[in-house]
Amino acid sequence: MDLQQAAALLHAARRVVVMTGAGVSAESGIPTFRDALNENGLAGHWARFKPQDLASPEAYWRDPETVWDWYAGRYRDVTAASPNAGHALIARLERRKLAQHGEGAFTLVTQNVDGLHLRAGSRPPLELHGNLTHGRCEACETVQPLPAPETFVPPPTCTRCGSRMRPNVVWFGEMLPQDVLEAAQLAFERADVALVIGTSSQVYPAAGLAGETLRRGGTVTEINPDETPFTPHASFSLRATAGVGLAALMGEQD
Ligand SMILES: [Zn+2]
């Protein structure tokens with residue numbers, strides 16, 4: 001398959017699912033978790049931590065203050081960042097498909113936890129790994145947005161029951177939210193066209209989900225600057241960043 005065919009299939013598709021990963025947010029200057037550990041200021045304060053030291057239930061129960069310090073910093077980072085051309089094109093594709101083919105014509109699934117899709121005008125995406133701009137009550141499980149970064153002093157408190165809230169993200173060793181995962185699976189099963197953008201496809205379930213579209217006769221286009229383990233299985237692969245690749249695929253000049 002070539003670009004023209006992939007673009008024509010996307011144009012004609014009645015059901016589209018888009019899966020995004022860290023690469024889509026990288027263009028907004030949001031580093032991956034591992035890069036953030038090393039790039040963060042404070043004289044390399046975080047560099048001595050391993051991801052598991054900050055993003056696991058064990059780490060949180062051991063030292064909630066340090067874990068919240070880390071997430072409060074990341075929350076400030078993503079709030080200061082802006083959605084990029086890739087986010088904007090995904091939102092535009094969504095509006096187009098919904099207008100043409102109605103509810104169910106477009107599903108956005110993301111591995112990102114920064115909330116940038118919503119800020120770019122997308123409907124709330126299926127967030128496989130949660131969202132670090134929200135907290136979740138340790139007692140009653142209510143999910144609430146964190147206070148504005150200027151006024152936020154961690155840990156946040158549940159306004160419903162007064163208990164401490166944890167970051168509303170999926171940590172190492174935790175299950176993905178089952179309802180979100182099931183909705184994503186359904187979208188990939190039903191899709192005529194799936195786009196897998198900016199994800200290394202090394203972590204379950206990204207690769208498995210796209211495989212479901214292929215098994216049912218749909219096509220999967222991958223957009224990624226680098227080759228990934230999924231590349232040999234993709235119907236078509238665009239070696240590009242999200243913004244550039246989507247513009248080419250959607251026939252947009254921006
Ligand atoms: Zn509560």
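User: Which spacing do the donors of the zinc ion follow along the chain?

Analyst: Donors here are N, O and S atoms within 2.8 Å of the metal (3.2 Å for Na, K and Ca), and water is not among the atoms, so sites may look incomplete. In this structure the zinc donors follow C-x2-C-x17-C-x2-C. Before going on: this is a predicted model, where local features need pLDDT of at least 70 and side-chain atom pairs count only at pLDDT 80 or more, while totals for chains, interfaces and linings use all residues. Residues are numbered from 1 along each chain as its sequence is written, and side-chain values use heavy atoms, with hydrogens and water left out.

User: Which residues coordinate the zinc ion, and at what distances?

Analyst: The SG atoms of Cys137, Cys140, Cys158 and Cys161 do, at 2.3 to 2.4 Å.

User: What geometry does the site of the zinc ion have?

Analyst: Four donors count as tetrahedral if all angles lie between 85 and 135 degrees. Here the angles among the four donor atoms are 98 to 119 degrees, and the site is tetrahedral.

User: How do I read the packing of two helices?

Analyst: Two packed helices are described by the angle between their axes and the distance between the axes. Axes are lines fitted to C-alpha atoms, for helices over the stretch in contact, and angles run from 0 to 180 degrees between N-to-C directions. Helices (H or I, at least four residues) are DSSP runs, numbered from the N terminus. The axes of H1 (residues 3–12) and H8 (residues 85–101) come within 10 Å and cross at roughly 50 degrees.

Methods:
Helices (H or I, at least four residues) and strands (E, at least two) are DSSP runs, numbered from the N terminus. Four donors count as tetrahedral if all angles lie between 85 and 135 degrees; four count as square planar and six as octahedral if opposite donors are over 155 degrees apart and all others between 65 and 115; anything else is irregular.
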